[in-house]
Amino acid sequence: MGTRRYQFVACLVGALALVGAACAPEEQKAAEFTPGPLGAVTVEPGAPIKIGLIQAISGDTASLGQDQVRAVEIAIEDKGGNLLEQHPIRTQVEDDLCKAEGGTTAGQKLAADPQIVAVVGSSCSGAAVPAMEILSGKGIVMISGSNTSPRLTSDLRGKQGDAYKLGYLRTAHNDIIQGLAAANFAFQKLGAKRAATIHDGDPYTEGLANAFGSSFKELGGTISLATAISKGDTDMRPVLTEVAASKPDVVFFPIFQPEADFIVKQAKGFPLLADTKKLFGADGLLSDTFIVIGQTEGMYFSGPATPTGATYQELVAKYEKKFGEKPIQAFHAHAYDAVNMIFAAIEKSAVKESNGTVHIDRQKLIDAMHATKDYQGLTGTLTCDKFGDCADAKIDVVQNTPTEKTIDQVRGNVLFTFDPPETG
Amino acid sequence: MTATGELAAIDFVPAPKAGPRAIRLGLVGGAVAVFVSVNGMVEAFSGRLLLGSLALGEALLLSVPLLIGYLAGRPEPVLEGFTARRPGWRNVLAGLVAGLASGVTLALFVVLVASFDIRGVFLNATPELVRDGPRILTFGLELGAGLGLLLGLYVALGGAGGVLQVLPGRFRRAVLTALGWVAGLALMQPAVAQVLRGIQQELRIWTAPLTDFLYDASGALSVPGIATIAAAAFCLQLLASRQHRKPVRTRLEQLPDRSRRILRVAILAAVLLLLGLLPQVIGPFLSEVLNIAGIFLLMALGLNIVVGFAGLLDLGYVAFFAVGAYTTALLTSPQSSVGVGWVFWLAVPFVILAAAVSGLMVGTPVLRMRGDYLAIVTLGFGEIARLLFISDWLKPWFGGAQGIIQVGDISLGPVQIRTPEAFFYVLFVFVLLAAYATYALQDSRIGRAWMAMREDEAVAEAMGVNIVTAKLSAFIVGAVLAGFGGALFATKIGSVFPHSFNVIVSITVLVVIIVGGMASVPGVVLGTLVLVGLPELLREFEEYRFLIYGALLIFMMLKRPEGFIPSGRRAEELHEQEVAQDEWLVAGAPETGATDADRDEPN
Amino acid sequence: MALFEIRGLTKDFGGVRAVDGLDLDIDEGEIVSVIGPNGAGKTTLFNLVTGMVTADQGAVNFQGRAIAGLRPSQILALGIARTFQNVRLFPEMTVRENVMVARHCRTRSGMLKAVLRPPSFRREEKETRQRAERALEFFGSRLVGWRFDTPARSLSYANRRRLEIARALASDPKLLLLDEPTAGMNPRETEELIELIRRMRDDLGVTIALIEHDMRLVKGVSERVVVLDYGQLIAQGRYDEVASNDRVIEAYLGRKATTA
Amino acid sequence: MARTNLVPPGPVVGKRAFQLPIVDGFLWLVRIAAIALILVGATRSIASARLSGQQWRDLVVFGIAQGSVYALVALGYTMVYGVLRFINFAHGEVFMIGAMTGYFVTDGLARTALWEAAPFLSLFIALICCMTVSALVALLLERVAYRPLRGAPRLIPFITAIGASFFLQYTMASLFGTSVKSYPEVEVLTGSFTLLGFRVLRVHLLVIVAALVIMAGLYLYVEKTKAGKAMRAVSEDQETAKLMGINVDRTIARVFGVGGAMAGAAGLLFGLVFQNVFFLSGFLPGIKAFTAAVLGGIGNIPGAAVGGLTLGMVESMGPSLVLVGLGIPAAHQLKDVVAFVTLVLVLIFRPTGILGERVSEDRG
């Protein structure tokens with residue numbers, strides 16, 4: 001019995017060894033490429049290159065994400081649908097709900113797919129924090145077209161943000177720049193010495209109001225009152241009473257609808273605030289439904305500069321043709337640039353085999369993204385700093401005057417453009 | 001799905017004659033069909049292929065006549081003492097009539113949308129429904145032909161619904177089961193495919209051919225797949241209801257004690273083994289979904305004690321969740337105002353402490369308030385907590401709108417819990433502990449005190465229950481469980497933002513325990529999986545999540561107020577009438593005989 | 001000294017004086033019936049005694065201890081248990097659990113013990129269960145066996161009354177207050193209950209006070225009858241004495257005949 | 001026997017002994033701390049002269065106006081509660097549907113000549129439409145969701161109401177979109193005038209007067225008419241009312257109808273004051289009105305008025321008067337905290353609300 005069993009085992013080992021020997025050389029050949037510390041994505045010949053999208057596509061911030069999803073679709077079409085000649089580009093869209101828990105779920109879902117090369121997102125900074133952590137852990141590069149919180153990158157003075165993670169970049173401006181721009185406009189152009197700020201407890205509005213406040217103070221102005229409301233509030237008269245009592249020259253409230261509607265409508269009843277030229281909002285309010293309100297005539301808005309140039313006009317035309325409406329938010333061009341930066345970095349860092357198999361080393365991809373310098377995008381000339389801020393962050397301040405009827409016209413009525421000084 | 005909420009109305013109409021009843025049902029069905037068309041559901045779901053080339057939107061539209069026909073074909077209620085009329089052509093006719101009425105209503109709507117632009121008011125009455133593009137409501141045909149097809153399908157499906165009623169009970173149940181399985185497997189395609197893939201990767205059981213057989217490349221159930229599933233479900237159900245078989249539970253109870261115990265251990269071991277393998281098989285994303293559900297489950301188990309056992313309606317339960325999350329964030333994040341950056345486990349005792357203290361703080365002022373006052377006051381506490389965490393005032397401590405980030409991970413010795421799969425095990429232990437505690441407390445002095453208080457506070461006090469202690473302890477236990485939920489939530493997400501703690505969370509948890517079955521642990525588990533887990537999988541429904549939630553809540557309360565899986569004793573007799581046993585007891589019937597006859601079926 | 005003394009007990013309900021300066025003593029081992037026309041303040045008296053309603057004035061002493069102002073749970077712990085006129089059980093709880101609740105004040109274990117389940121907890125739990133079952137067995141075969149585990153709401157009316165008495169008994173009372181224990185019972189069941197009440201006194205040594213409208217029961221069981229009208233005690237004594245008392249007859253038949 | 005020692009000997013007559021010294025001590029501490037904080041905050045606020053007398057008076061008017069809207073919505077909660085002892089959580093949505101109807105009607109009318117020519121007539125038409133639609137929705141709700149559950153344990157219809165609330169919200173969202181709908185300007189309602197030193201916006205005057213008229217009308221309706229008597233009878237005892245020949249179903253439906261109409265009117269007034277409505281407009285005001293009803297003593301019509309006004313005043317004055325005085329930044333962010341803390345404090349002092357009677361549930 002015993003010998004028989006040994007014979008069998010010996011045969012088996014022999015057979016396996018043969019098979020192994022037959023297989024081994026081929027594997028060696030394939031393994032010429034050695035992945036870096038973060039691993040690599042291997043794309044079989046003709047297989048798609050997958051890009052993940054983490055965007056808010058439902059709920060009350062849906063337009064923010066929808067806008068960027070559409071821009072990415074157009075960018076892929078512009079690229080001809082293929083990357084590295086024969087690899088179709090596929091996207092997978094996950095909803096971040098504009099919340100941290102949405103960012104986690106979306107991040108996990110994308111991280112679970114080893115074929116995801118890079119991620120465009122998120123829509124909201126709050127969702128970005130956990131998503132970055134998950135994706136960074138997997139070495140997946142993530143670039144956002146609309147995150148603006150300084151915490152995600154740096155304070156632009158060389159101090160790393162507390163949420164910063166390797167592999168995160170963005171084409172949107174840093175809040176600090178918009179705060180600086182708005183403060184500069186208010187202080188220098190409007191000659192305001194006292195400013196009041198109102199936020200609504202949203203991380204974005206709170207961050208921006210604070211950034212405005214500190215810049216305004218640095219310029220020599222006084223913050224007469226830094227106050228806040230809650231989402232869902234309707235009766236703004238009590239808070240406006242306080243604001244009026246602080247005698248501001250300008251009121252900066254970078255909040256959203258519908259609360260901002262209540263503020264502008266009710267401000268009319270206050271002699272000190274009745275002049276709409278004292279009201280100053282931000283990009284969240286640059287929408288058709290807001291500027292039609294009579295009381296917004298004369299109001300100022302700060303926001304990322306609307307791109308100019310023929311290529312941008314082409315994008316808008318394609319957008320309108322494809323989706324039946326004009327771009328619904330301000331960040332589609334940023335997302336378009338973001339995804340194109342990914343394409344460029346993939347093209348730069350990918351290793352191609354003769355049979356068409358492509359290896360994309362994650363570390364090299366991140367390095368390639370960070371190395372982006374003087375990239376000619378729709379939103380300007382993009383150069384990434386070491387913390388991932390890539391934006392050519394021009395901030396416009398526009399005014400809604402009776403001659404402007406549509407949001408595009410308002411966006412076009414630029415009174416002031418802020419081009420930030422070079423940061424270190 | 002929305003249909004259910006509206007349909008609930010029907011049963012409370014005093015039963016009219018069959019004809020008018022069918023028409024009435026048909027009109028309600030038509031209204032439902034119009035509603036789901038005009039509110040955009042049909043269009044929103046038309047992108048997802050469900051069965052072969054049938055999209056989810058169309059399936060939704062076509063399920064209406066089937067359901068209405070089924071309801072209309074239901075035999076009329078029979079008074080006691082009368083013999084029921086045998087089901088026959090009348091039932092089918094009722095179904096046909098109802099289907100026709102629904103179809104006509106929907107057809108009128110189609111004509112309306114085709115001829116007028118009502119989009120100025122009804123935002124989702126898009127031209128795609130009938131005029132341009134896919135023409136969903138007319139199945140891509142011209143108006144006339146489309147209407148004809150629509151009416152034909154509605155009448156036919158209405159009739160099919162009626163035919164179901166004519167089938168003998170066993171066959172009807174088998175058909176319904178088959179329908180259910182097909183619908184379920186089609187809807188759950190991403191999850192099912194993932195599980196099959198996971199089985200292949202982890203257990204080395206080759207499932208890929210099965211996946212390819214069942215599903216098309218587009219993710220829809222393939223035609224042979226539909227046929228196989230339907231046939232299998234039909235046959236299995238038919239076999240299961242073969243003879244007059246006793247429910248499994250009764251048969252288990254009849255086993256001798258020893259074998260029952262062995263069986264119980266075996267089942268427990270099998271379940272544990274399955275659960276151990278589960279996260280590996282289902283992969284990180286489904287594990288993540290389970291983790292989300294698990295955190296809600298922890299909260300639901302806690303709220304189950306407060307509402308289900310002690311009968312204290314707490315609408316601000318999210319406050320304790322937030323306290324748990326913030327305590328963890330403060331103690332484990334090096335970025336927080338405390339900044340000690342402890343490991344998770346060190347923070348746990350403080351989570352318990354903080355939650356218990358907040359439970360006391362909420363519980364004490366409401367001690368003397370009646371149920372309804374309690375609801376609004378606790379709701380207020382929930383909002384107070386959120387607003388304080390978000391406020392600029394307390395920003396130096398809690399980070400205000402910017403929250404607290406870099407919350408520490410859980411570590412078990414040298415192992416850091418980072419992946420959703422690993423987190424599942426930790427969460428599972430917590431849930432298991434919470435479930436055990438729930439059972440243990442239920443069957444104890446304090447549990448009985450809670451239930452007595454729920455049933456009648458004044459009498460409970462007269463029977464010696466210390467109401468103050470009982471109420472406060474319920475609040476504390478509930479708060480601690482929610483605090484655990486919050487702690488795990490914070491470490492899972494890695495950051496804490498005040499926006500995560502709004503009143504919707506409180507209401508979701510409440511809905512979970514009520515729909516699942518109050519005071520019943522299995523009910524709460526099922527409720528969480530269905531109401532929290534499922535929506536994560538069926539992201540198509542995201543936009544309509546609360547609409548469906550609302551309809552489901554109304555429907556459940558009207559039809560099954562005790563929940564999916566009610567707690568044991570409620571299940572038995574909630575719908576049953578009282579029995580006056582005394583007559584025959586007094587008459588001297590042998591007690592034991594009566595008991596046996598009552599409990600056991602003849603062998 | 002009497003087991004139980006009431007002195008000058010008074011309660012107003014928004015101007016209506018439900019109990020008016022009442023004095024009453026009950027001796028250990030007595031069976032006392034409290035009768036009177038509707039609205040005479042009988043149930044209010046029970047509510048006052050058990051602390052469910054707070055008195056405006058007066059003192060209640062039990063075993064020489066003042067109990068007015070204590071909470072109902074404390075009064076039960078001292079040994080006064082009651083039933084309710086309109087049966088108030090815990091309908092969703094099982095028969096056994098209903099009775100076990102009454103042991104709450106005689107047991108100690110808290111939440112920690114309930115979760116950790118040490119031997120002391122199991123012992124106590126077992127004893128509670130046995131005591132509850134014994135209290136139920138007092139009623140013969142009516143509430144035992146499979147009925148232990150049925151919800152209280154599925155019981156018949158008479159059985160609910162019995163369950164309520166069993167629940168009160170399980171708390172080891174010295175004084176048991178029964179509020180219309182036979183309401184809704186048929187004559188045969190009433191007979192049985194009379195027997196039962198005697199046994200409770202004789203076998204368990206419980207002093208019993210009961211409110212009753214059924215004069216058969218009053219006559220059959222009580223050693224002393226107390227008559228209330230408009231919150232005042234108008235007569236007391238043996239059944240025959242009271243039954244022939246003019247003021248009692250007047251109270252029951254109406255005073256129109258005499259005053260108007 | 002040892003246990004009896006827990007009870008202190010000696011006669012305790014009259015007031016019930018302290019339930020548990022710690023609990024009561026804690027509650028007293030809360031009361032004292034609250035009063036102290038309010039006094040300190042108010043004194044410092046007024047002493048700082050941050051706001052002028054005129055501005056304080058403005059705040060009072062704002063509070064009354066906001067309170068009037070709360071009071072109108074609170075009436076619906078309180079009436080239903082009074083009759084059915086049930087919180088119609090979906091009432092806020094009935095209010096929102098009223099405001100939404102008001103938007104569609106005024107928006108339509110604003111395109112006709114009638115709007116300019118006869119603004120009050122147009123508003124009246126809008127009012128009738130709003131009241132009708134809201135009343136119909138409330139009736140439908142009662143018929144479909146609540147009537148079958150009458151007599152069920154209290155929690156059940158409450159949960160149904162939460163479900164109905166979501167259903168109505170998202171029905172409106174899915175039918176009419178999630179965007180914010182802007183009411184047209186009403187010329188006659190813009191501007192303000194001064195009355196007894198108080199600067200009153202015209203639209204506020206309209207709201208206050210309308211609320212007063214509607215509430216007075218409702219009070220008379222409930223107290224004087226036969227239908228009102230039937231309502232009161234049903235609220236006392238449904239069974240007896242039925243025996244007395246009152247159609248309970250119809251009476252309850254009428255309560256919902258009247259409550260819904262009030263909410264519809266409140267919706268239009270809300271729309272006129274704030275000129276905005278969207279599908280979530282009913283949620284927070286609904287919760288606030290519910291708070292107001294409880295604050296005033298739920299089930300009690302004057303209580304709803306008192307509660308509404310109190311809440312409006314507290315929200316308007318509270319942050320400026322107390323919180324700013326205590327040096328709390330961004331005080332208005334905490335407006336709802338002030339509102340709910342007030343509710344808790346009032347209920348600690350008076351567990352059944354400001355005008356609520358002490359109802360003992362067990363008059364055995």
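Contact here means heavy atoms within 4.5 Å. The model is predicted.

Q: How far apart are the nearest C-alpha atoms of chain A and chain C?
A: Chain A and chain C do not touch. The distance between their nearest C-alpha atoms is 33 Å.

Q: What area is buried between chain B and chain D?
A: Chain B gives 58 residues to the contact, and chain D gives 58 residues. Carbon and sulfur atoms give 79% of the buried area. The total is about 5,100 Å².

Q: Which residues of chain B lose the most area to chain D?
A: Three residues together account for 14% of what the side of chain B buries. They are R368(B), Y373(B) and I376(B).

Q: Which side chains meet in a salt bridge across the interface of chain B and chain D?
A: The rule finds one salt bridge across this interface.

Q: Which element gives the largest share of the side of chain B that touches chain D?
A: Elements giving two or more residues to this side include α2 (18-38), α15 (371-390) and α20 (467-493) of chain B. The largest share is 13 residues. That share comes from α15(B).

Q: How many residues of the side of chain B that touches chain D are nonpolar?
A: Seven residues of this side are polar and six are charged. The nonpolar residues number 45.

Q: Which are the edge strands of the open sheet in chain A?
A: Seven strands of chain A form this sheet in mixed pairing, in the order β9-β8-β10-β11-β12-β17-β18. An edge strand pairs on one side only. The edge strands are β9 (222-228) and β18 (414-418) of chain A.

Q: Which residue in β12(A) stands opposite G281(A)?
A: Strands β11 (residues 279-281) and β12 (residues 300-304) of chain A pair over two bridges. The sense of the pairing is parallel. The residue opposite G281(A) is F301(A).

Methods:
Residues numbered from 1 in each chain as written. Chains lettered and ligands numbered in written order. Predicted model: local features only at pLDDT ≥ 70, side-chain atom pairs only at ≥ 80, totals over all residues. Heavy atoms only, no water. Pairing = 2+ DSSP bridges. Helix = DSSP H or I, 4+ residues; strand = E, 2+ residues; numbered from the N terminus. Buried area = accessible area lost by both parts, 1.4 Å probe. Salt bridge = Lys/Arg side-chain N within 4 Å of Asp/Glu carboxyl O. Nonpolar A, V, L, I, M, F, W, Y, C, P; charged D, E, K, R; others polar.
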